[in-house]
Amino acid sequence: MIDVRLLRENPDVVRTSQLARGADPTLVDLVLDLDARRRSALADFEALRAEQKLLGKEVAQAKGDEKQALLARTKEMAAQVKQRQADASAAQVELDETLYRIDNVVVGAPAGGADDYVVVKQVGTPRDFTAEGFAPADHLALGEGLRAIDTARGAKVSGTRFYFLTGIGARLELAILNAAMDQALVNGFTPLITPTLVKPETMRGTGFLGEHADEVYRLEKDDLYLVGTSEVALAGYHADEIIDLSDGPLRYAGWSACYRREAGSAGRDTRGIIRVHQFHKVEMFSYARIEDAAAEHERFLAWEENMLALVDLPYRVVDTAAGDLGSSAARKFDCEAWLPTQERWMEVTSTSNCTTFQARRLGTRERTEAGDTRTVATINGTLGTTRWIVALLENHQQADGSVIVPAGLRPYLGGLEVLEP
């Protein structure tokens, strides 16, 4: 949720952000109108309440007919006060609901839609398999040859877009995630195994019940949601708390299973384990001072790049366009690894600066030096996930179906250098 004071003082900033996202700019004027109505109703309530208190003093001193008249007036005024209070409360609810419909204010992201991203840099060169004399196999063929991925039995047990990671496949995922957690520890993160079921207020507070709500699994009987990222639980960890940031950002690394319906993506990346309903992930999450958020965001990107270097993947960094940002992100960088068999870049990790958007919804604040409290900023980013197996297998494959283990992962696989079919 954005700060209503920003709307009052700089409405054009929010309008410009809405336009850059391709969202509705008229919501700004609607919020301003609702805010004016709320403030007016609240002022009326407070004025009547003050008058009611004065009248109460007069009643205490009055006698006879005068007292009876004042008591009648007191009863009438009590009803008016109650109505004005209800009007102010209703106006506040309507204002909050409308504020929830406005996305975070974009900070520095390119304008436009999904195709208007800006490539910040490219690291590494994709292999020339033609020059090497063989056509690359896709990750599923390689995974089946290595007895690492079993989608047929995954579908038998759970349906389409489910799978088993077996043998070296399971070990490979654990290697990636343990390497990610080790890097997180080195950089001052506290590791957490997070809940994967959260309350509606937590899911909504992080911005995941907006236009992509149909991608979220809900358990109606329990009124709980399955998370698509541990970002949700981590954002709720300090909800309604005042936290201490005097020693710098509070950093957490969450390890969890993640669940996504992937609604609307039928026919896209449905072979293998690129776009699935369940996967594992290590997610970085930071609570930071507003002034430190942009620098923390850059650090998150650097740590993601360190992980990509560890598994020796050619990749590029993309500055995501405003119209392709999630509702809570003010800016987002994606890291995309090269996918040889599809000859395209595939997102493997991303990091978002959510500024104060999530923390304001969830009530997470810090104590200032002046003794006041203010909303903090939140930043998130992925350090490793199941999808990395796709890029790793395809980029490090050999003509005989074997796969070279990147040097950075070998310590996590007992020194294993080659995965043999």
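Is Gln18 buried or exposed? Gln18 is buried, with a relative accessible area of 1%, where buried means under 20% relative accessible area, exposed means over 50% and partly exposed lies in between (1.4 Å probe, protein chains only). The model is predicted, so local features need pLDDT of at least 70 and side-chain atom pairs count only at pLDDT 80 or more, while totals for chains, interfaces and linings use all residues. Residues are numbered from 1 along each chain as its sequence is written, and side-chain values use heavy atoms, with hydrogens and water left out.

**The chain as a whole**

- The chain holds 13 helices and 18 strands; helices (H or I, at least four residues) and strands (E, at least two) are DSSP runs, numbered from the N terminus.
- The C-alpha trace spans about 105 × 40 × 40 Å along its principal axes.
- Of the 421 residues in the chain, 48% are buried.
- Of the contacts (heavy atoms within 4.5 Å) between residues at least 6 apart in sequence, 72% join residues at least 24 apart.
- The accessible surface of the chain is about 19,900 Å², and 49% of that surface belongs to carbon and sulfur atoms; accessible areas come from the Shrake-Rupley method with a 1.4 Å probe, and for residues only the protein chains shown count as cover.
- There are 48 positive and 63 negative side chains, and the centres of the two sets lie 6 Å apart.
- In that count Lys and Arg are positive and Asp and Glu negative, with His and the chain ends not counted; the place of a charge is NZ of Lys, CZ of Arg, CG of Asp or CD of Glu.

**Helix 2 and Gln18**

- Gln18 belongs to helix 2, which covers residues 11-21.
- The buried residues of helix 2 are Pro11, Val14, Ser17, Gln18 and Arg21.
- These residues lie on the same side of helix 2, because they cover an arc of only 125° around the axis; the arc is that of the directions from the helix axis to the C-beta atoms.
- On the other side of helix 2, Asp12, Thr16 and Leu19 are exposed.
- Leaving aside residues up to four places away in sequence, Gln18 touches Ala23, Asp24, Pro25, Leu27, Ile102 and Asp103.
- Gly22 follows helix 2 and has a positive phi, near 80°.

- An open sheet is formed by 3 strands in the order 8-14-15, with mixed pairing.
- Strand 8 (242-243) and strand 15 (373-375) are the edge strands; each has a single partner strand, so one side of each lacks a neighbour in the sheet.
- Strand 8 pairs with strand 14 (residues 365-367) in the parallel sense over 2 bridges; two strands pair if DSSP finds at least two bridges between them.
- Ile242 has Arg365 of strand 14 as its bridge partner.
- Glu366 is also found in strand 14, and it counts as buried at 2% relative accessibility.
- Not counting residues up to four places away in sequence, Glu366 touches Ile242, Ile243, Leu245, Arg289, Asp372, Thr373, Arg374 and Val376.
- Between Glu366 and Lys82 there are 284 residues of separation in sequence and 35 Å in space, C-alpha to C-alpha.

- Strands of a sheet pair through backbone hydrogen bonds, either parallel or antiparallel.
- Strand 12 and strand 13 run antiparallel and are joined by 9 bridges; Asp334 stands opposite Ser350 in strand 13.
- The two strands form a hairpin with 4 residues between them.
- Strand 13 is largely enclosed by the rest of the structure, because 8 of its 10 residues are buried.
- Strand 13 is also joined to strand 16 (residues 377-385) by 3 bridges, and these strands run antiparallel.
- Asn353 stands opposite Ile379 in strand 16.

- Most residues other than glycine have a negative phi.
- Glu343, in the loop between strand 12 (331-339) and strand 13 (344-353), has a positive phi near 50°.
- Glu343 counts as exposed at 65% relative accessibility.
- Arg147 has a positive phi of about 55° although it is not a glycine.
- Arg147 is placed in the loop between helix 6 (139-145) and strand 2 (149-150), and it is exposed, with a relative accessible area of 57%.
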